[in-house]
Amino acid sequence: MAARVESDHSNPQTSKSAISTYETDYLKYRSPLTARYASPEMAYAFSDMNKFVNWRKLWLYLAKAQQILGLDIKDEQIAEMEANLTNIDFEKAAEEERKRRHDVMAHVHTFAKCCPRAAPIIHLGATSAYVGDNTDLIVMRDAFGILVPKLARCIHRLAKFADDNKSLPTLGFTHFQPAQLTTVGKRASLWIQDLLMDLQNVERVTTDLRFRGAKGTTGTQASFMALFENNSDKVEMLDRLIAEMAGFKKTYRVCGQTYSRKVDFECLSVLTSMGVTIHKICTDLRLLASLKEVEEPFEKDQIGSSAMAYKRNPMRSERCCALARHLMALLSDPMHTAAVQWMERTLDDSANRRISIPEAFLTADILLSTLQNISEGLVVYPRVIERHIRQELPFMATENIIMAMVKAGKNRQEVHEEVRVLSQLAAAVVKEEGEDNDLIERFRESSFFKPIHADLDKILEPKAFIGRAPQQVSAFLEDEVRPALKPYAADLDKSSVLEV
């Protein structure tokens, strides 16, 4: 039994509406995706209201197309349906579903109740998948439309960050061990490159998305052939008209009772791929925060730890990693669903899809909003980066020092041995004594290296070790990033504010 809250009639502050809200909001499980994180627009896209309004629109499109093609459907019936698209009695629909154990027929009867004149022609010739599948395609198309500008803004913000920091040297890491220098901007360009792939994938799958249309119970359109007295041209036109009314240019030419569940797999593959990208970016940011080189935004009154007041935990990046894992895990649902559909359709797809598809889009929406917020407030600490470079660069510069000594007339093998001995001594100071790297001081104090003493500062200039990184970033931004963002120029100014 569900817990109940009894009204306290002695308390004038207690109201029935307040108790009802309390019961609804706090005595049932609420998904954190919508209760805490998701944007209002994405939460609405997968709401019951949007779903059932789209069902009613699809019944309206069907009636309009059937009227155009000659069926005896009156203008007043069309007008009555149009007037009641959002007039949904959810309690009546729930009562009908308990009675009939069929969600579509429950809403047919609920719609018919407020459209008595149109009741005889609602859902005429259609099957449940007509409203169910077509609505899913409409919602996924619209949800991609919500995601794409957010993805473009993430790329745009990181592109500015990359441009601003394209010449700032920093330690590169392989195996999370210090490696040859790169730049802060060059590292960000690697993140952007992955996001660009995601943008291209989203654009592709959105373009490829088609409409199921009016295909009947097993996809043969037999019911519509009966309605139109075996006039194949009219049945094909019916399919086309409904698709156009719903905003689609193409329909799937063949399908069973449902559109192929491979479509869901393709859509969620794109979303999970984006989750992979964001997980990688935010993992890098968490590691950089630990090094105190780069930090995500940290607000004035934000608390990093309930116990350790000094901490500045990268909670936004950690949230992204947590939710990205959830998004990546969701891909197994449409994969298995597509694989186990029998013949023209089995209903074991339905309950799974009610969960996996909305959660994938909601999670992707949250990830992009959070990544945009992070990207708009990234803080770089050049002096910390410089200190880390000073600790590692002497070892990395040894090859350049050897070459400079050879140019000054020394024997390469002799120089190599001297460098090896001094490097081992300096490494022992760092590892065993916990002191700073003193290799350069050892070179300066060694008479053997006197021929290059005057050139050591020049040899050790960090920018001498970053190769073409700044030029690579500039060319990448100019040739690939800016052209990709051009179609979204009108959407790039909106900032991302997180409530929690």
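**Figure 1. Cys282 and the cysteines of the predicted model.** Cys282 counts as buried because its relative accessibility is 0%. The structure shown is a predicted model. Cys282 takes part in no disulfide, although the sulfur of Cys320, the nearest cysteine sulfur, is 3.9 Å away. With 0% relative accessibility, Cys267 is counted as buried.

**Figure 2. Salt bridge between Arg261 and Asp349.** Among the 27 salt bridges found in a search of the whole structure is the one joining the side chains of Arg261 and Asp349, with an N to O distance of 2.8 Å. Arg261 sits in the loop between helix 11 (232-245) and helix 12 (262-291), and Asp349 in the loop between helix 14 (332-339) and helix 15 (350-375), so the pair ties together parts that are 88 residues apart in sequence. Arg261 and Asp349 are both buried. The two residues also belong to a network of salt bridges that links Asp133, Arg261, Arg345 and Asp349. Arg261 has a further contact with an aromatic ring: Arg261 lies over the face of Tyr259, 4.8 Å from the ring centre.

**Figure 3. Salt bridge between Arg353 and Asp264.** The closest N and O atoms of Arg353 and Asp264 are 2.7 Å apart, and the two residues form a salt bridge. Arg353 belongs to helix 15 and Asp264 to helix 12, and the pair links these distant parts of the chain across 89 residues. Both Arg353 and Asp264 are buried.

**Figure 4. Salt bridge between Arg442 and Asp438.** A salt bridge joins Arg442 to Asp438, with 3.0 Å between the closest N and O atoms. Arg442 has a relative accessible area of 23% and is therefore partly exposed. The cut-off behind this assignment is 20%, under which a residue counts as buried.

**Figure 5. Aromatic pair of Phe144 and Phe361.** The search of the whole structure gives 11 aromatic pairs. In the pair shown, the ring centres of Phe144 and Phe361 are 4.9 Å apart and the ring planes meet at 75°, so the arrangement is edge-to-face. Phe144 is in helix 8 (residues 128-164) and Phe361 in helix 15, so that distant parts of the chain, 217 residues apart, are linked by the pair. Phe144 and Phe361 are both buried.

Figure 6. Phe448 and Phe449 make an edge-to-face aromatic pair, with 5.2 Å from centre to centre and 80° between the planes. Phe448 has a relative accessible area of 19% and so is buried. Phe449 is counted as buried because its relative accessibility is 0%. Phe448 also has a charged residue over its ring: Lys410 lies over the face of Phe448, at 4.8 Å from the ring centre.

**Figure 7. Aromatic cluster.** One aromatic cluster is formed by Phe52, Trp55, Trp59, Phe90 and Phe111.

Definitions and conventions: Residues are numbered from 1 along each chain as its sequence is written. This is a predicted model: local features need pLDDT of at least 70, side-chain atom pairs count only at pLDDT 80 or more; totals for chains, interfaces and linings use all residues. Side-chain values use heavy atoms; hydrogens and water are left out. Buried means under 20% relative accessible area, exposed over 50%, partly exposed in between (1.4 Å probe, protein chains only). A disulfide is a pair of cysteine sulfur atoms within 2.5 Å. A salt bridge is a side-chain nitrogen of Lys or Arg within 4 Å of a carboxyl oxygen of Asp or Glu. Helices (H or I, at least four residues) and strands (E, at least two) are DSSP runs, numbered from the N terminus. Rings of Phe, Tyr and Trp (its six-membered ring) pair if their centres lie within 6.5 Å; planes under 30 degrees apart count as stacked, over 60 as edge-to-face and the rest as tilted. A charge sits over a ring if NZ of Lys or CZ of Arg is within 6 Å of the ring centre and within 35 degrees of the ring normal.
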